[in-house]
Amino acid sequence: MAVWKRSIARRLLLSFLGTVILAMGVVGVAMSYLVQHYIYHTERMELVRKAKRINLAIQDSNKVSEELINLLVFLDQTFDARIWLFDTHGRIVATSTRDEVFIGKSVAKSVVEKVRRGEPVISPLGIEGLNEPMLSVAVPWGKGNRIYGGIVLHAPVKGINDAVSRVRETMAWALALGVVAATLLASYLSWSIARPLKEMERMAAELRQGRYDRRLDVHRDDEVGDLARTFNELAERLEASERERKRLDRLRDELLANLSHELRTPLTSMQGFLEALQDGLVEDEELRQKYYRLMAHETAHMSRLIDDMLDLAKLQTHAIRLNREAVDVKELLAFVAMTFEPEARDKGTAIVLDVPDELPPVYGDSVRVEQMLNNLVSNAVKFTENGRITLRAWAEGSGVCIEVADTGVGIAAEDLPRIFERFFKVDRHRTKKNRGSGLGLAIVKELVELHGGRIEVQSQLGQGTTFRLWLPAVP
């Protein structure tokens, strides 16, 4: 019951009923007044017409006689109206009813004066001794300019009141039917509105409980349907947000696991070397220097890992600002090739440059562009033995396309969609010397997008990998 008291259905029903009752009441009062006025006016005009016809019948008689009274009785029965005659002084001298008790009474002076001027009177007449309400008219009695008095024709108001009562009764029935129709219509409308709103309320409760797969069936194009579609869109966004949250939680767990693994491995090695040196187990100076070099290598690896983590965090929080300038791509590629040439030569791999002289400069941060190329070429060298690494560049549209292609081990098709994720490594099954942090490609992707460019990759197992990145040229 409490729900009904505060429900939309109740307010709609009461509003409809109030509107219908008020409208029907106003219409009923107006109709009663108009019908009553119309009936009174029509009846009066009809009585005036009958009174004038009676005057035509008796205008040759200026005195009351038995013949005149008989004629009045006949006209009374013919027109179904009571007839009075009064003289120029307003005294009633004859009636159509023989036992009439009003003979000798007088009509109002104002009526007499109008009749003597030849004017009909259409208004209730004040007659001495007459208490019953009557609808009466008075017209002159006479012929031409000779006025003998006046003719009063009247009928009881009771018949007119009965007609008005029937009109009011009809309006009352119409009001009752209107209330029933309004109740049914309001009930249907309130049901059609309240039912989907109730569904939305239940859906909101389920969303609050974390059930984001709930959807509403929308089969209408009105405001309620728009609201339901908005609810569905909200649920879809919440579901997508929940999936993204779970994905981020999974990535966070993977990040912590990978980070702990990446740090634990060099720390374990360094701990073993330090314990051996501390316990005096390494007496040979050459072996001792080797341990020192290995510890320095592991320290450098951890330093690079931390630097990569800091760079990636800054990139993803937009904390890095680019110092844009004109960058000579050909010169930069030549420098990167020279940097990695010794390492590539040790693995029997050649680095080849294929860059035209007329290449436009890139509009970017030279340090960050070099960082991107270092990461790509470093990966190519790491996974290519006795092969070739080709560095190409050419103008394309409003920018420059840079390609790093190798003939190394390649990447499996199922791994390609994930190679730009943090800590994702396709070399998990490879030897320790090819160990990496799994952050290089993620950093490259973030830097390329920060420059307003794009990066693509193509690879086949056993045939090699090609990274192609596009950077905007100097405007």
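Q: Leaving aside neighbours within four places in sequence, which residues is V329 in contact with?
A: This model is predicted: local features need pLDDT of at least 70, side-chain atom pairs count only at pLDDT 80 or more, and totals for chains, interfaces and linings use all residues. Numbering starts from 1 along each chain as its sequence is written, and side-chain values use heavy atoms, leaving out hydrogens and water. Contact means heavy atoms within 4.5 Å. With those neighbours set aside, V329 touches L359, V362, A393, V400 and I402.

Q: Which residues have the most contacts inside the largest nonpolar core?
A: A nonpolar core joins buried Ala, Val, Leu, Ile, Met, Phe, Trp, Tyr and Cys residues through side-chain atoms within 4.5 Å. Buried means under 20% relative accessible area (1.4 Å probe, protein chains only). The largest core has 38 residues, and the most contacts inside it belong to V329, L333 and I402.

Q: How many residues does the second, separate core have?
A: A81, I83, L85 and L153 are among its members. Its total is 21 residues.

Q: Which strands stand at the edges of the sheet?
A: Strands are DSSP runs of E, at least two residues, numbered from the N terminus. They pair if DSSP finds at least two bridges between them. Five form an open, mixed sheet in the order β7-β9-β10-β12-β11. Each edge strand has a single partner, so one side is left without a neighbour in the sheet; these are β7 and β11.

Q: Which residue in β9 stands opposite L353?
A: β7 and β9 pair in the parallel sense over five bridges. Opposite L353 stands L391.

How values were computed. Helix = DSSP H or I, 4+ residues; strand = E, 2+ residues; numbered from the N terminus. Buried < 20%, exposed > 50% of the residue type's maximum accessible area, 1.4 Å probe, protein only.
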